[in-house]
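User: I would like to go through the terms used for this model and see what each one rests on. Please take them one at a time.

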Amino acid sequence: MAREQGRTLVAQNRRARYDYHIDTTYEAGLVLTGTEVKSLRAGKATIGDGYAEVRDGEVWLRNVHIAEYDQGTWTNHDPRRSRKLLLNKDEISRLIGKTRERGFTLVPLSLYFKDGYAKVEIALARGKKTHDKRHALAEKEAKREADRAIARARRR
(Lines give C-alpha, C1' and ligand atoms only; values in the text may rest on other atoms or scores of the structure.)
Protein backbone atom coordinates (compact mmCIF):
# COMPACT_ATOMS: atom_id res chain seq x y z
CA MET A 1 0.00 0.00 0.00
CA ALA A 2 1.34 3.46 -0.94
CA ARG A 3 2.13 6.01 1.75
CA GLU A 4 0.07 9.15 2.18
CA GLN A 5 1.50 12.23 0.52
CA GLY A 6 0.89 15.87 1.33
CA ARG A 7 -0.81 17.62 4.19
CA THR A 8 -4.34 16.91 5.49
CA LEU A 9 -5.71 19.47 7.95
CA VAL A 10 -7.62 18.04 10.93
CA ALA A 11 -8.20 21.07 13.19
CA GLN A 12 -7.24 24.74 13.17
CA ASN A 13 -7.13 27.39 15.88
CA ARG A 14 -8.21 30.54 14.03
CA ARG A 15 -8.75 32.46 17.25
CA ALA A 16 -5.04 32.20 18.15
CA ARG A 17 -3.97 34.63 15.42
CA TYR A 18 -6.57 37.10 16.69
CA ASP A 19 -5.67 36.79 20.38
CA TYR A 20 -1.87 36.55 20.11
CA HIS A 21 1.09 38.13 18.34
CA ILE A 22 2.80 35.13 16.73
CA ASP A 23 6.59 35.23 17.18
CA THR A 24 7.86 31.90 15.80
CA THR A 25 6.21 28.65 14.80
CA TYR A 26 7.40 25.08 15.25
CA GLU A 27 6.23 21.81 13.75
CA ALA A 28 6.12 18.98 16.27
CA GLY A 29 5.18 15.33 16.12
CA LEU A 30 2.67 13.86 18.57
CA VAL A 31 2.84 10.73 20.72
CA LEU A 32 -0.62 9.18 20.23
CA THR A 33 -2.43 5.92 20.89
CA GLY A 34 -4.15 3.92 18.14
CA THR A 35 -7.68 5.11 18.87
CA GLU A 36 -6.49 8.73 18.90
CA VAL A 37 -5.03 8.36 15.41
CA LYS A 38 -8.25 6.81 14.10
CA SER A 39 -10.31 9.58 15.67
CA LEU A 40 -8.02 12.23 14.12
CA ARG A 41 -8.34 10.61 10.70
CA ALA A 42 -12.11 10.96 11.13
CA GLY A 43 -11.54 14.69 11.82
CA LYS A 44 -12.79 14.71 15.40
CA ALA A 45 -10.51 17.12 17.25
CA THR A 46 -10.67 20.64 18.66
CA ILE A 47 -7.63 22.69 19.64
CA GLY A 48 -9.27 26.00 20.53
CA ASP A 49 -8.67 25.68 24.28
CA GLY A 50 -5.31 23.97 23.96
CA TYR A 51 -1.88 25.15 25.00
CA ALA A 52 1.59 23.66 25.30
CA GLU A 53 3.89 23.71 28.29
CA VAL A 54 7.49 22.76 28.97
CA ARG A 55 7.82 20.41 31.93
CA ASP A 56 10.96 18.48 32.98
CA GLY A 57 12.72 19.17 29.69
CA GLU A 58 9.79 17.89 27.59
CA VAL A 59 7.01 19.74 25.79
CA TRP A 60 3.42 18.65 26.49
CA LEU A 61 0.22 19.53 24.63
CA ARG A 62 -2.58 20.11 27.12
CA ASN A 63 -6.35 20.58 26.97
CA VAL A 64 -6.69 19.51 23.31
CA HIS A 65 -9.84 17.46 22.78
CA ILE A 66 -9.58 14.39 20.55
CA ALA A 67 -12.96 12.64 20.67
CA GLU A 68 -13.17 8.98 21.63
CA TYR A 69 -13.14 6.61 18.68
CA ASP A 70 -16.65 5.31 17.88
CA GLN A 71 -15.62 1.69 17.33
CA GLY A 72 -13.15 1.75 20.23
CA THR A 73 -13.69 -0.62 23.14
CA TRP A 74 -12.16 -0.59 26.60
CA THR A 75 -8.91 0.48 24.91
CA ASN A 76 -10.32 3.93 24.14
CA HIS A 77 -8.35 6.99 25.24
CA ASP A 78 -9.15 9.90 27.56
CA PRO A 79 -10.23 12.78 25.25
CA ARG A 80 -8.37 15.56 27.10
CA ARG A 81 -5.20 13.77 28.21
CA SER A 82 -1.77 15.44 28.01
CA ARG A 83 0.14 14.46 24.89
CA LYS A 84 3.91 14.60 24.50
CA LEU A 85 5.29 16.65 21.62
CA LEU A 86 8.33 15.49 19.68
CA LEU A 87 10.85 18.30 19.12
CA ASN A 88 14.63 18.56 18.74
CA LYS A 89 16.68 19.22 21.86
CA ASP A 90 17.76 22.62 20.45
CA GLU A 91 14.14 23.63 19.85
CA ILE A 92 13.14 22.57 23.36
CA SER A 93 15.99 24.55 24.94
CA ARG A 94 14.99 27.62 22.88
CA LEU A 95 11.38 27.21 24.02
CA ILE A 96 12.44 26.86 27.66
CA GLY A 97 14.35 30.15 27.46
CA LYS A 98 11.55 32.04 25.70
CA THR A 99 8.67 30.77 27.86
CA ARG A 100 10.51 31.91 31.00
CA GLU A 101 10.30 35.46 29.65
CA ARG A 102 7.25 37.32 30.82
CA GLY A 103 4.29 37.26 28.43
CA PHE A 104 5.28 34.40 26.12
CA THR A 105 3.13 31.28 25.81
CA LEU A 106 2.91 28.27 23.51
CA VAL A 107 -0.35 27.91 21.56
CA PRO A 108 -1.30 25.27 18.98
CA LEU A 109 -2.22 26.74 15.60
CA SER A 110 -3.16 23.63 13.63
CA LEU A 111 -3.31 19.86 13.85
CA TYR A 112 -2.71 17.90 10.64
CA PHE A 113 -1.31 14.80 8.99
CA LYS A 114 1.88 15.27 6.99
CA ASP A 115 2.97 12.29 4.89
CA GLY A 116 1.00 9.98 7.19
CA TYR A 117 2.33 11.35 10.50
CA ALA A 118 0.25 13.39 12.95
CA LYS A 119 1.80 16.84 13.45
CA VAL A 120 0.89 19.95 15.39
CA GLU A 121 2.03 23.47 14.57
CA ILE A 122 2.74 25.35 17.80
CA ALA A 123 3.59 29.02 18.06
CA LEU A 124 5.57 31.02 20.55
CA ALA A 125 3.17 33.90 21.08
CA ARG A 126 2.55 36.98 23.18
CA GLY A 127 -1.00 37.96 24.16
CA LYS A 128 -2.58 40.98 22.49
CA LYS A 129 -4.20 43.80 24.41
CA THR A 130 -7.74 44.92 23.55
CA HIS A 131 -6.56 48.02 21.69
CA ASP A 132 -4.23 45.83 19.57
CA LYS A 133 -7.20 43.68 18.56
CA ARG A 134 -9.20 46.78 17.56
CA HIS A 135 -6.25 48.07 15.54
CA ALA A 136 -5.87 44.72 13.73
CA LEU A 137 -9.60 44.70 12.90
CA ALA A 138 -9.42 48.28 11.58
CA GLU A 139 -6.44 47.39 9.36
CA LYS A 140 -8.25 44.32 8.04
CA GLU A 141 -11.37 46.36 7.26
CA ALA A 142 -9.33 49.09 5.51
CA LYS A 143 -7.56 46.50 3.36
CA ARG A 144 -10.89 44.91 2.45
CA GLU A 145 -12.33 48.30 1.42
CA ALA A 146 -9.25 49.07 -0.70
CA ASP A 147 -9.52 45.70 -2.45
CA ARG A 148 -13.20 46.32 -3.17
CA ALA A 149 -12.45 49.77 -4.61
CA ILE A 150 -9.76 48.32 -6.88
CA ALA A 151 -12.14 45.59 -8.04
CA ARG A 152 -14.86 48.16 -8.81
CA ALA A 153 -12.40 50.28 -10.78
CA ARG A 154 -11.33 47.27 -12.86
CA ARG A 155 -14.92 46.39 -13.72
CA ARG A 156 -15.58 49.83 -15.23
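Analyst: Ala151 is a place to start; this residue lies in helix 4, residues 130–155. The model is a predicted one.

User: Why is Ala151 called partly exposed?

Analyst: Its relative accessible area is 30%. Buried would require under 20% and exposed over 50%, so Ala151, at 30%, is partly exposed.

User: Which residues of helix 2 are buried?

Analyst: In helix 2 (residues 34–41) they are Thr35, Glu36, Ser39 and Leu40.

User: What do the buried residues of helix 2 pack against?

Analyst: Six strands are involved: strand 1 (7–12), strand 3 (45–46), strand 6 (65–66), strand 7 (83–86), strand 8 (104–114) and strand 9 (117–127). After helix 2 comes Gly43, with a positive phi near 80°.

User: What is the radius of gyration of the chain, and what would a compact globule have?

Analyst: The chain has 19 Å, whereas a compact globule of 156 residues would have a value near 15 Å. Along the principal axes, the C-alpha atoms fill a box of roughly 65 × 40 × 25 Å.

User: How many helices and strands does the chain have, and how much of the chain is buried?

Analyst: There are four helices and nine strands, in the order β-α-β-α-β-β-β-β-β-α-β-β-α from the N terminus. Of the 156 residues, 30% are buried.

Key. Residues numbered from 1 in each chain as written. Predicted model: local features only at pLDDT ≥ 70, side-chain atom pairs only at ≥ 80, totals over all residues. Heavy atoms only, no water. Helix = DSSP H or I, 4+ residues; strand = E, 2+ residues; numbered from the N terminus. Buried < 20%, exposed > 50% of the residue type's maximum accessible area, 1.4 Å probe, protein only. Contact = heavy atoms within 4.5 Å. Rg over C-alpha atoms; globule rule 2.2 N^0.38 Å.
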